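Hi there,

Here is the structure I promised to pass on. Have a look at it first, and then read on for my notes.

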Amino acid sequence: MPARRCAATAMPFALVASLSGHAAGPPLITDDPGTPGDGRWEINLPITLEQTRDERIFEAPLLDINYGLGERTQLKFEVPWLVVDRRDNGTTDGLGNSEIGIKHRFLDEDRHGVSMSIYPQLEFNNPTSSDERGLVDEGMRFKLPVQMTRSAGPFEWYLEAGYEFVEASEDQWLYGVATSYRVHGQLELLAEVAGVASQDFDDEALVFNIGTKIGINDHLNLLLSAGRSFRGSSSGEPELLAYCGLQFLP
């Protein structure tokens with residue numbers, strides 16, 4: 001999940017499965033080892049918001065397309081349309097960075113006690129003027145996280161940790177801990193703590209997020225989440241994170 005990040009800010013929060021099973025991923029930041037299944041699609045179409053003291057950044061919408069290549073592998077492509085409203089400079093919009101990724105699950109809980117996957121992802125500038133206008137950061141980013149899941153009664157627990165190589169600035173660590181609870185067959189409650197830390201851990205940003213997945217039918221879910229930073233607004237970290245979207249399972 002998929003991981004999600006508003007590329008126009010210095011707060012790189014990295015933002016999969018249907019309600020037939022517990023899952024992290026959208027609408028959370030923390031992802032899980034789940035994949036769509038062989039030959040199956042998962043398409044997430046949300047509007048997201050990251051608001052700080054000085055700006056609001058919308059992904060309106062974010063197109064997040066996933067495809068199952070076999071039972072253990074997932075291909076991903078995502079790209080947002082960004083709308084950035086800065087207190088001093090007004091509103092600007094344009095195409096955000098594209099991201100491609102491939103997730104491979106190499107352990108399954110029913111055989112090994114835990115599920116684990118690795119999920120390399122590459123983010124890059126599109127051939128537009130978005131970087132010149134300050135909508136996105138210039139250069140590429142390569143993210144290499146590992147995901148783990150374990151069941152505990154009605155709960156599922158998720159852990160994601162990884163490293164991000166950043167072309168135009170300092171590399172950083174990414175991490176998240178999440179849980180899901182099935183209320184009944186069509187309603188799942190979610191919560192997480194997720195963050196990023198500088199290469200030497202002298203600067204860290206941490207957010208708390210809660211959300212839900214609501215099954216509308218076998219091929220459509222409603223995804224909702226909201227959260228904020230643990231620090232005050234004066235820190236420049238998010239006063240509000242929000243995600244509202246549909247998950248299509250054709």
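Which strands each supply at least two residues of the nonpolar patch? They are strand E9 (155-166) and strand E10 (172-184). Please keep in mind that this is a predicted model.

The patch itself sits on the surface and is formed by Met-148, Phe-155, Trp-157, Leu-159, Val-177, Tyr-181, Val-183 and Leu-189. Together these residues have about 660 Å² of accessible area.

Phe-155, in strand E9, has a relative accessible area of 34%. That value counts as partly exposed because the class covers what falls between buried, under 20%, and exposed, over 50%. Tyr-181 is also partly exposed, with a relative accessible area of 33%.

On to the aromatic side chains: the structure holds seven aromatic pairs. One of them joins Phe-155 and Tyr-181, with 5.0 Å centre to centre and 40° between the planes, a tilted arrangement. Phe-155 lies in strand E9 and Tyr-181 in strand E10, so this pair ties together parts that are 26 residues apart in sequence. Both residues belong to the nonpolar patch as well.

There is also an aromatic cluster to look at, formed by Phe-142, Tyr-163, Phe-165, Trp-173 and Phe-201.

If you open the model, you could begin with Phe-155 and Tyr-181, the tilted pair, and then go to the cluster that includes Trp-173.

Methods: Residues numbered from 1 in each chain as written. Predicted model: local features only at pLDDT ≥ 70, side-chain atom pairs only at ≥ 80, totals over all residues. Heavy atoms only, no water. Patch = residues over 30% accessible without salt bridge, like charges linked within 9 Å, V, L, I, M, F, W, Y side chains within 5 Å. Areas by Shrake-Rupley, 256 points an atom, 1.4 Å probe, with all protein chains shown as cover. Salt bridge = Lys/Arg side-chain N within 4 Å of Asp/Glu carboxyl O. Helix = DSSP H or I, 4+ residues; strand = E, 2+ residues; numbered from the N terminus. Buried < 20%, exposed > 50% of the residue type's maximum accessible area, 1.4 Å probe, protein only. Phe/Tyr/Trp six-rings, centres within 6.5 Å; stacked < 30°, edge-to-face > 60°.
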